[in-house]
Amino acid sequence: MNAQQPADSSADLAKDIEPTASLIADAPDGSAQKPHRPISRGRLVWRRLKTKPNFYIGGAIVAAIVAFALFGDFFNIYTQGQQDSYNFNSPPSGQHFFGTDAIGVDLYASMTSALRTSLLIGFLAAPTATLVAAVMGSLAGYLGGPFEMFTNWLINLLLVLPVFYVLMIVSPAIADPSNLPGAIQWLGFMPAWGLLVIAIGLFSWMIMAQIVKNQTKSLKEREYVKAARYMGVSTPTILRRHIIPNVASLLIIDGALGVAGAILAETSLSFFGLGIQAPDVSLGTLLQDGTGAAVSRPWLFIIPASFLVALLTGVALVGDALRDAIDPTSEVNRA
């Protein structure tokens, strides 16, 4: 753990306590004073978070995009994939809010569907990677020995592999589940985005697992962990009660920041035709379709690109504010 004094320790000292409802009148001058009690960790983090402008800006951006993805279709008469035979390559108008493509498909309807797909992948793949990191890192740090050696070997192997090219290799299985090995053909019952979530999650956990492992090796030497072990408490119980809660802040930060990385990974794969396949759409597929028309029909590229940039910016701002609220020293270390 970083032993550096938090930057806002003096400011938080007065805010980390709160008065109770009762009064005591034994002060030296005879005046009534309110006793104080320590504030909970969650409330302290929330107090810090509320002072971060990034949290409000990023939260507003993400909330607006999520609301558009969920409820945007209510304001549109066209559905995803529906063609308008009288409007090919039509610019944005009152009938087609975001215009149409070369075959008359309404871009507004495609955008709402694409955002739902990309958001779903991002908000599932990032927690998947964080969960794997928590399990592998805590077990390796607590058990040590052969399991730690195996985990170190696996992490080093995955870190040196070009992950993007590995995902390119497994992408045919995402496009056509019949390409999967016979032993795992049951994965073919999953939608394409489900396989993409698993693929992205399994290649995004290594760095956080290293951090959790090092933190766990330090925590297992604490007196309360040793006492629990000597009392015969099982390893899963010790990990659940004493180890994971003490690294939860790191996992929360990793999960929040990992959403942007997962969305970007999905977009990149789909852009090169290796992720989401037609008739499904995502931000990557829309960008791929709009790249060739960026000059002649700019709305086909600018609108999906603008949504992608705004979404990644909003998620990054929220994750940055959350990191500063949970670990105040991070703001000092970046200065």
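This is a predicted model: local features need pLDDT of at least 70, side-chain atom pairs count only at pLDDT 80 or more; totals for chains, interfaces and linings use all residues.

Residues are numbered from 1 along each chain as its sequence is written, and side-chain values use heavy atoms, with hydrogens and water left out.

Let us start with the chain. There are 13 helices and two strands; these are DSSP runs numbered from the N terminus, with H or I over at least four residues for helices and E over at least two for strands. Of the 335 residues, 41% are buried (buried means under 20% relative accessible area, exposed over 50%, and partly exposed in between, with a 1.4 Å probe and protein chains only). Among contacts (heavy atoms within 4.5 Å) between residues at least 6 apart in sequence, 64% join residues at least 24 apart.

Now find helix α4, residues 107–143. Its 37 residues reach 53 Å from the first C-alpha to the last, close to the 54 Å expected at 1.5 Å a residue (the expected span is 1.5 Å times one less than the number of residues). Asp106 caps the N-terminal end of α4, with a side-chain oxygen 3.4 Å from the backbone nitrogen of Tyr108. After α4 comes Gly144, with a positive phi near 65°. Most of α4 is covered, as 26 of its 37 residues are buried.

Which helix packs with α4 at an angle of about 115°? That is α3, residues 53–71, and the two axes are 8 Å apart (axes are lines fitted to C-alpha atoms, for helices over the stretch in contact, and angles run from 0 to 180 degrees between N-to-C directions). Ile65, Val66, Phe68 and Ala69 of α3 make the contact with residues of α4 including Tyr108, Met111 and Leu115.

In the loop between α3 and α4 you will find Asn89. Most residues other than glycine have a negative phi, but phi of Asn89 is positive, near 55°. Asn89 counts as partly exposed because its relative accessibility is 30%.

Our last stop is Thr267, in helix α10, residues 235–271. Is Thr267 buried or exposed? Thr267 counts as buried, because its relative accessibility is 4%. Leaving aside residues up to four places away in sequence, Thr267 touches Leu283, Gly284, Leu287 and Leu308.

Definitions and conventions. A polar contact is a pair of N or O atoms within 3.5 Å; within protein, one must be able to donate a hydrogen and the other to accept it, and residues adjacent in sequence count only if both atoms are side-chain atoms.
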